[in-house]
Amino acid sequence: MPVHPQLQARLDQMAALNRPALSTLTPDEARQRMKANLMGSGEPEPVASVENFTLPGPAGEIPIRVYTPTGHGPFPVLTFFHGGGWVVCDLDTHDALCRSLTNGAACVVVSVDYRLAPEHPFPAGPEDCYAATQWVAGHAERVQGDARRIAVGGDSAGGNLAAVVALMARQQGHPFLTFQLLLYPNTNLKANTPSMQAYAEGYGLRRDDVIWFNGHYIREEDATNPLASPLLAPDLSGLPPALIVTPEYDVLRDEGEQYGQRLLEAGVPVTLSRYAGMNHGFVSLSDWLEPAQQALNECCQALRTAFHVE
């Protein structure tokens, strides 16, 4: 189907601004632009509590933001990693999405402010995200969480990091993870798929942007490392069940769906959910875009089912 009319109007509006391409900016310039684009303008969705603190990481303290739902714990926990190509975005850009997941899935969400490239290239991001997930499992009571019900999730580069943390947890034998929520994940940093070609321009995230992000995050020789490109892992068996959400008009669509197919072939329960007429990042538009609200509802229901929440 064609691009959803509301979404097309937004794309046309952005194009009319005639701003320089993201791939021509410095990382700091890109961070400022992405923060302006993603920060919600309305009142944040209320949750029972929000707390910021730090936890120990492999190279210093890792800032996190803990969202707690109403009710009585211990609650299941989603450890969440924000997108932004490992270069841009932070706890604030994904505040609205984390609040919606907290309420919709009735779980604690621990949002992780991992180190960003190019100042901290691969493997800094995966190391921080794995350390944060380990901390959640070992200190679940600190966040009113249930250590037996921990999931990982994220969008775009955050989806990549969630998949990678699941691989790391399987390799190390801990922590046990209940589920992985992967929103339009980047799973192969050497990908040259049909979707990468077909939607290279005009749909939000551009092929050149992906190349720019990857170039800041990894050295060429790291691109085939499964902890950078989980699709290239030789064995995907024994990983947690997953929901993988992909948009029709997304350069990363094919590699997300290929990862889902490989998980299925490895015997991992997976739901692959492609949203027609949508583009990269659409779930964050749930306050005004109906298919985005549908996708958010699907994510929350998948988490509730995995967590055995009524």
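Reply: The account below begins with the aromatic rings and then turns to other local features.

This is a predicted model, in which local features need pLDDT of at least 70 and side-chain atom pairs count only at pLDDT 80 or more, while totals for chains, interfaces and linings use all residues. Residues are numbered from 1 along each chain as its sequence is written, and side-chain values use heavy atoms, with hydrogens and water left out.

A pair of aromatic rings is described by the distance of the centres and the angle of the planes. Rings of Phe, Tyr and Trp (its six-membered ring) pair if their centres lie within 6.5 Å; planes under 30 degrees apart count as stacked, over 60 as edge-to-face and the rest as tilted. The structure holds nine aromatic pairs. In one of them, Y199 and Y203, the planes stand at 80° with the ring centres 5.3 Å apart, so this pair is edge-to-face. Y203 also forms a stacked pair with Y249, with 5.2 Å from centre to centre and 5° between the planes. Because Y203 lies in the loop between α6 (194-198) and α7 (207-217) and Y249 in strand β7 (residues 242-249), the pair ties together parts that are 46 residues apart in sequence. Helices (H or I, at least four residues) and strands (E, at least two) are DSSP runs, numbered from the N terminus. Y199 counts as buried at 13% relative accessibility, and Y249 counts as buried at 12%; buried means under 20% relative accessible area, exposed over 50%, and partly exposed in between (1.4 Å probe, protein chains only).

Elsewhere, one aromatic cluster is formed by W86, F122 and Y217. The ring of F53 has the charged end of R142 over it, 4.1 Å from the ring centre; for this, NZ of Lys or CZ of Arg must be within 6 Å of the ring centre and within 35 degrees of the ring normal.

T187 belongs to the loop between β6 (179-183) and α6, and it counts as buried, at 0% relative accessibility. Neighbours within four places in sequence aside, T187 is in contact (heavy atoms within 4.5 Å) with S229, P230, L231, E255, G256 and Y259. L7, in helix α1 (residues 5-16), likewise counts as buried, with 0% relative accessibility. L7 and L285 are 278 residues apart in sequence, yet 9.5 Å apart in space, C-alpha to C-alpha.

Helix α4 (residues 124-138) packs against helix α5 (residues 157-172) at an angle of about 65°, with the axes 9 Å apart. Axes are lines fitted to C-alpha atoms, for helices over the stretch in contact, and angles run from 0 to 180 degrees between N-to-C directions. From α4, the residues G125, P126, C129, Y130 and T133 meet L161, V164, V165, M168, A169 and Q172 of α5. The residues of this contact comprise eight nonpolar, three polar and no charged; Ala, Val, Leu, Ile, Met, Phe, Trp, Tyr, Cys and Pro count as nonpolar, Asp, Glu, Lys and Arg as charged, and the others, Gly among them, as polar.

Two backbone features remain. The peptide bond from G73 to P74 is cis, with omega near 5°, and P74 is found in the loop between β2 (60-68) and β3 (75-81). Q144, although not a glycine, has a positive phi of about 60°.
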